[in-house]
Amino acid sequence: MTATNTGTFELFGLPPTGRPVTMTGREIFRVRDGQFAKVWHQEDVGGMLTQLGLEPPPFMLRIAARRIARQYRRQGLTSPVT
């Protein structure tokens, strides 16, 4: 996605910067019997905020870290770093 930040980030309560930004992401689809069975979606919000000169609020970083740790534990992994 390429855009210009002209509005407030409601989720974060951050003001518009007027700066251009590019955000990357990915989607992974699992198909079973010719139909979508599961979809994973990820966006690089942290990278986007860095481009805008904004820092994610500390509480959002903690939430993201906890979420990632839970996902790895569920998969039986011990660390997201390989």
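**Ground rules.** I am reading a predicted model, where local features need pLDDT of at least 70, side-chain atom pairs count only at pLDDT 80 or more, and totals for chains, interfaces and linings use all residues. Residues are numbered from 1 along each chain as its sequence is written, and side-chain values use heavy atoms, with hydrogens and water left out.

**Confidence.** I checked pLDDT, the predictor's confidence in each residue on a scale from 0 to 100. The protein averages 83, and 90% of the residues score at least 70. Strand β1 (residues 2–4) has the highest confidence, at 94, and helix α2 (residues 58–74) the lowest, at a mean of 81. I took helices (H or I, at least four residues) and strands (E, at least two) as DSSP runs, numbered from the N terminus.

**The strand pair.** I went back to β3 and β4, which run antiparallel and are joined by eight bridges. Strands pair if DSSP finds at least two bridges between them. I noted one partner: E27 is bridged to H41 in β4.

**The nonpolar patch.** I then looked up the surface and found a nonpolar patch of about 410 Å², made by F29, V31, F36 and V39. Both β3 (25–32) and β4 (35–43) supply at least two residues of the patch. Patch residues have over 30% relative accessible area and no salt bridge; like charges are joined within 9 Å, and nonpolar side chains (Val, Leu, Ile, Met, Phe, Trp, Tyr) within 5 Å. A salt bridge is a side-chain nitrogen of Lys or Arg within 4 Å of a carboxyl oxygen of Asp or Glu. Areas come from the Shrake-Rupley method with a 1.4 Å probe; for residues, only the protein chains shown count as cover.

**Two rings.** I counted one aromatic pair. Rings of Phe, Tyr and Trp (its six-membered ring) pair if their centres lie within 6.5 Å; planes under 30 degrees apart are stacked, over 60 edge-to-face, the rest tilted. F36 lies in strand β4 and is exposed because its relative accessibility is 59%. F29 is partly exposed, at 41%. The terms are buried under 20%, exposed over 50%, and partly exposed in between.

**A loop residue.** Last, I looked at L14, in the loop between β1 and β2 (20–22). L14 is buried, at 14% relative accessible area. Its C-alpha atom is 20 Å from that of T24, 10 residues apart along the chain.

Technical notes: Buried means under 20% relative accessible area, exposed over 50%, partly exposed in between (1.4 Å probe, protein chains only).
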